Amino acid sequence: MQQLFNVGKIVNTHGIRGELKILATTDFLEDRFAKGSELLIVPADGKAPIPVTVETARFQKNIVIVKFKEYHNINDVEKYKGTLLKVSAERLGELEENEFYFHEVIGLEVITEDGEKLGVVKEILTPGANDVWVVKMPSGKELLLPYIESVILNVNVREKQATVRLMEGLL
């Protein structure tokens with residue numbers, strides 16, 4: 001069984017020519033939805049993933065409007081509303097130093113530079129200028145950490161740990 005990673009969720013159709021609206025949940029949007037990119041539609045009923053190839057994609061806020069080479073009208077794609085779009089592990093690509101995939105960051109234990117345990121990264125938000133890590137604290141509260149050099153000091157994927165410096169007002 002190959003390992004698959006979320007790229008987004010198909011939330012609706014767009015127009016009558018087989019385009020789909022996708023709520024993106026991936027890093028490297030331009031790469032994932034580049035022309036010729038190979039993705040998988042994963043049906044909710046547990047059936048085998050359906051390989052698709054990006055023909056065109058355009059970005060509108062946090063929605064990507066995608067046309068797959070394999071589909072040409074709304075009747076072909078309507079059944080995929082609500083399904084997940086994924087990429088196989090071998091299609092992830094190599095990262096440069098100090099770059100990480102979302103799935104590598106989610107679940108990391110977050111500690112301060114003084115060794116205080118803050119919690120675990122629950123999700124990553126992509127509001128604009130920089131990503132924001134949502135850290136679930138033991139108290140149940142959420143801590144929002146901007147992914148900037150002065151806050152995120154070190155990420156050790158192997159040890160599943162991130163060291164941070166809390167700026168005034170973050171807690």
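**Entry 1: E7 and its partners**

I began with strand E7 and strand E12 (residues 161-164), which run parallel and are joined by four bridges, where strands are DSSP runs of at least two residues labelled E, numbered from the N terminus, and two strands count as paired if DSSP finds at least two bridges between them. In this pairing I found valine 110 opposite alanine 162 in E12.

I note here that the model is predicted, that local features need pLDDT of at least 70 and side-chain atom pairs count only at pLDDT 80 or more, while totals for chains, interfaces and linings use all residues. Residues are numbered from 1 along each chain as its sequence is written, and side-chain values use heavy atoms, with hydrogens and water left out.

I then followed E7 (residues 109-112) to strand E8 (residues 117-125), with which E7 pairs in the antiparallel sense over three bridges, and there isoleucine 111 stands opposite lysine 117 in E8. The hairpin of E7 and E8 has four residues between the strands, and in this hairpin glycine 115 takes a positive phi near 95°.

**Entry 2: the whole sheet**

I looked up the strand order and found six strands in an open sheet, E10-E9-E8-E7-E12-E11, with mixed pairing. Strand E10 (142-146) and strand E11 (152-156) each have a single partner strand and stand at the edges, so one side of each is left without a neighbour in the sheet. Neighbouring strands of this sheet are turned by 35° against each other on average, direction ignored, with axes taken as lines fitted to C-alpha atoms. At the E10 end, strand E9 (residues 132-136) pairs with E10 in the antiparallel sense over five bridges, and valine 132 stands opposite proline 146 in E10.

**Entry 3: aromatic pairs**

I searched for aromatic pairs (ring centres of Phe, Tyr or Trp, the last by its six-membered ring, within 6.5 Å; planes under 30 degrees apart are stacked, over 60 edge-to-face, the rest tilted), and the structure holds two. The rings of tyrosine 71 and tyrosine 80 have centres 5.6 Å apart and planes at 65°, so this pair is edge-to-face. Both tyrosine 71 and tyrosine 80 are buried, a word I use for under 20% relative accessible area, with exposed meaning over 50% and partly exposed in between, for a 1.4 Å probe and protein chains only.

Tryptophan 133 and tyrosine 147 form a stacked pair, at 5.5 Å centre to centre and 25° between the planes. This pair links distant parts of the chain, with tryptophan 133 in strand E9 and tyrosine 147 in the loop between E10 and E11, 14 residues apart. Tryptophan 133 counts as buried at 2% relative accessibility, whereas tyrosine 147, at 31%, counts as partly exposed.

**Entry 4: the chain overall**

The C-alpha atoms fill a box of roughly 55 × 35 × 30 Å, taken along the principal axes.

How values were computed
Axes fitted to C-alpha atoms, helices over the stretch in contact; angles between N-to-C directions.
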